[in-house]
Every structure is written in structure tokens, then in C-alpha cells.
Amino acid sequence: MIYRQVGKTDLKASVIGFGCWVVSGSKFWTGTDDQSSIRAIQAAFDMGINFFDVAPVYGYGHAERLLGQALKGKRDKVIIATKCGLVWDESGKTQNILTKENIFREIDESLERLGTDYVDIYQMHWPDYATPIEESMEALTKLQEQGKIRHIGASNFPLFLLNEARQYGEIESHQCLYNMLQRNDDNYHNIALGYRTELEILPDCRQNQVAFIPYSPLAQGLLTDGFDPEGISASDVRNANPLLQGERLAKSLAVVKGLKEFAQEVGKPLSQLALAWMIKDETITTIIAGATKIEHIQDNVESTTWQLDDQVYQRINEFLMRTART
């Protein structure tokens, strides 16, 4: 496993992290169950993964509880990153709320579910334009003083808001959408992003020594050899992803076909090629890769044991640039 420093902190994160959205429960992700999810988390730890990313909204608290159970007795050996600001009601409708009152409430609920008294990185999940960022950052710095959180992170923040937040405290990590097929997308699951990852966020992270944490590195399964759009159940959260629908899916599958040729050339699965392509950029600190099957986690970890040749890497980038224009 490769480990990289998280921003300016003393944390060292495995370059392959574990994304806990997939352990939200069978109602949200096709083909999952709690026992296999717990086994997957524990197997990931045994393989050297020490970074676990979760959020209260994943399974409406379920993923946090499951993660806490799976990591019991291992707390001092892992980095737990959770989030705040995405609040749901009884019908499942969500709102972005980063008020001081809500942040204080959410952290206590997350700590209880996770079975810990602190989290290593506490991330603002999405911007809340109705609440001054000064208020949000004041709450987060207060939690740092109390020892409930060690470091502050952002997720899905446009640069102008990120820069404003920096006036009130240190932002150590930024989590954004990024993969071979979605390098500068303007939306995610039909949610406007307000940033361009490769054009804006990666340069900002390099300049400011901020850990960059990409999510959806395998495009929710599209960048794997076994992707089957027909196998996604009606309740699966991936149905809200335009990348996996209609004309966009058809175009993406054409790009994937070309990427599979590169994977064959280097003798690796497509998923490993997609992850190795990301690992090549040292600005990328830890990749949020969700998986509940042990063999998929092994595949993810295997991507750290070899490196893309510089020339192949350049050819892939040229291919991606060409196909992005078509």
C-alpha cells in the first residue's frame, strides 16, 4: 500500500481509501447486506487501507453505525472522515444545512453512531448558501477546540466559497467528483457542482497543500470490466446518475471500450487501470473506492503495486482529451 500525507496534517492516508456509501444497506445499493459489508470493511483494513470515508446521510445513519461496528478495537489505527450539512426528513428529502446549531447536533449523533469520541476529518458535505460560511467555520473550529474533530475538510465546494472559508480556519482536505470519465463535470446526480475538478480544484490543492480526495473513481462501476446497467435494481441510488443513463451512457461506453484496450495492453483489469491513472498524480491523496466484495477490494489494492508507464499515461490522457471533445 502507498500512504500519502493528508494536507499539512500529521495524518498518513492509504492512497486507496474505503468509501462507505456502498454500505448504506440493501435498500440503497443492489446486492449488499450488512454482514458482507462488515467483512468488506475489515478485509480492507487487513489489506492496508486505513482511510474510511462516511457520511450521516448514507443509509440515514446506517453506514456510520456499520463502520463503527466493523472498526471496533481498531480506532487508533484508522482515519475516519465523516461529514455534516446534508440533513434528511422522514420522506428522505435532503437539505443543505451548515448552521452552527445543526453542526453541533450532527457531530454528537455521528460520534454516537461511530462509537468514538472524535473524528479525524470532519467535512462540510455540500455548500449551504443560506448560512454564512463564517458561522459554519466558527462551529467547526469550536469542535476542534473541544477535541471532537481533529481537522476540517470540504466537499463539493466551489473555489470562491472555499477561499472564503479559509479566512476563518484551516481547510485540510477537499473531496470532489473525479475519474477518467468525469474530469470536469458540472453536475453529479443532477446536482450542480459549481467547480471544475481538473481545471480548478486540483491546481488549488497543489498550491495550498490541501489533500485532494476524489470520489466515484470508478464512475459507480462504469470503469470496471463487469459493469451491467441492466443489473441495477429500481431502488439503487445509481439510477439518479445521468452518466449511467441514455445517450450519456452510450457515449461513455464507447470511451470505456477504448480504455479497455489500454487495460489489455498493460495486462490489468480496467478498474486497476482507472485507479493507477489517478495514483499517477501525487496531488491525489486518497481515493474513495467503495466495494463490498473482497475480490473487488483486492483489485483496488492491487492497483498500488504497479505503475503506469509514462508514455502509456500520456497516450491515455490524449485519448481522454480527444473523446471529451466528441
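**View 1. The buried face of helix H4 in a predicted model.** Ile 133, Ser 136, Met 137, Ala 139, Leu 140 and Leu 143 of H4 are buried. Buried means under 20% relative accessible area, exposed means over 50%, and partly exposed lies in between (1.4 Å probe, protein chains only). Helices (H or I, at least four residues) and strands (E, at least two) are DSSP runs, numbered from the N terminus.

This is a predicted model: local features need pLDDT of at least 70, side-chain atom pairs count only at pLDDT 80 or more, and totals for chains, interfaces and linings use all residues. Residues are numbered from 1 along each chain as its sequence is written, and side-chain values use heavy atoms, with hydrogens and water left out.

**View 2. Length and end of H4.** Helix H4 holds 14 residues, 133-146. At 1.5 Å a residue it should span 20 Å, and its end C-alpha atoms are 20 Å apart, so the two agree. The expected span is 1.5 Å times one less than the number of residues. Gly 147 follows H4 and has a positive phi, near 85°.

View 3. Contact means heavy atoms within 4.5 Å.

**View 4. Asn 102 in helix H3.** Asn 102 counts as buried because its relative accessibility is 7%. A polar atom of its side chain lies 2.8 Å from the backbone oxygen of Ile 97. Leaving aside neighbours within four places in sequence, Asn 102 is in contact with Gly 85, Val 87 and Ile 97.

**View 5. Positive phi at Asn 156 and His 189.** Asn 156 lies in the loop between E9 and H5. Its phi is near 65°, in a residue other than glycine. At 2% relative accessibility, Asn 156 counts as buried. His 189 lies in the loop between strand E11 (187-188) and strand E12 (191-192). Its phi is about 50°, although it is not a glycine. His 189 is buried too, with a relative accessible area of 13%.

**View 6. Aromatic pairs, with Trp 21 and Tyr 58.** Rings of Phe, Tyr and Trp (its six-membered ring) pair if their centres lie within 6.5 Å; planes under 30 degrees apart count as stacked, over 60 as edge-to-face and the rest as tilted. The count comes to 8 aromatic pairs. Trp 21 and Tyr 58 are stacked, at 5.8 Å centre to centre and 20° between the planes. Trp 21 lies in the loop between strand E3 (16-19) and helix H1 (34-46), and Tyr 58 in the loop between strand E4 (51-53) and helix H2 (62-70), so the pair ties together parts that are 37 residues apart in sequence. Trp 21 is partly exposed at 24% relative accessibility, whereas Tyr 58 is buried at 10%. Tyr 178, Phe 212 and Trp 277 form one aromatic cluster.

Methods:
Polar contact = N/O pair within 3.5 Å; in protein donor to acceptor, adjacent residues only side chain to side chain.
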